[in-house]
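Have the structure open beside you as you read.

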Amino acid sequence: SELTEETIMKFDEELEQFIFEYYGLIFAWDEEPGEDYMEQVKTISEKYNAQLDSIVEFMMPDITAAFGDFSTDEIKEKLGKPVINYDNGQVNYLQQSFDDIHIFTFEFMDDEFQDLKYFSMDG
């Protein structure tokens with residue numbers, strides 16, 4: 001049988017956002033997205049996954065300064081599922097497993113995930 005991905009848009013009361021999970025990525029919108037959101041989700045998830053190594057490299061100096069040395073693969077694993085908010089161009093890691101108090105966030109300025117800014121660890 002063919003693997004099917006759960007494709008139900010739902011409103012998350014806690015986040016107060018519409019969320020949609022797609023192959024291990026969580027997408028979030030403040031307002032319910034238009035009908036073309038699936039195309040956006042596919043494009044963004046492709047770009048995110050293609051750039052994941054460089055995304056990790058971007059965050060690595062701050063992560064290793066705070067938590068010690070980890071390989072790129074270890075960091076990927078510990079980051080958990082990203083919550084990608086396309087409206088405000090932010091990626092949040094709400095379930096990262098380096099500790100249980102910080103939320104990791106960065107902003108992406110382009111759809112290619114090549115222009116990244118403002119990494120922070122808020123706790």
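Start with a charge and a ring: Lys78 sits over the face of Phe98, 5.4 Å from the ring centre. A charge counts as over a ring if NZ of Lys or CZ of Arg is within 6 Å of the ring centre and within 35 degrees of the ring normal.

This is a predicted model, in which local features need pLDDT of at least 70, side-chain atom pairs count only at pLDDT 80 or more, and totals for chains, interfaces and linings use all residues. Residues are numbered from 1 along each chain as its sequence is written, and side-chain values use heavy atoms, leaving out hydrogens and water.

Now for rings that meet rings. Rings of Phe, Tyr and Trp (its six-membered ring) pair if their centres lie within 6.5 Å; planes under 30 degrees apart are stacked, over 60 edge-to-face, and the rest tilted. By this rule there are 15 aromatic pairs. Here are two of them:

| Pair | Centre to centre | Angle between planes | Type |
|---|---|---|---|
| Tyr22 and Tyr23 | 4.8 Å | 90° | edge-to-face |
| Phe70 and Phe98 | 5.1 Å | 85° | edge-to-face |

Phe70 lies in the loop between helix H1 (37-67) and helix H2 (72-79), and Phe98 in the loop between strand S5 (90-93) and strand S6 (103-108), so their pair ties together parts 28 residues apart in sequence. Helices (H or I, at least four residues) and strands (E, at least two) are DSSP runs, numbered from the N terminus.

Buried means under 20% relative accessible area, exposed over 50%, and partly exposed in between (1.4 Å probe, protein chains only). Phe98 is buried at 12%, while Phe70 is partly exposed at 23%. Tyr22 is buried at 13%, whereas Tyr23 is exposed at 55%.
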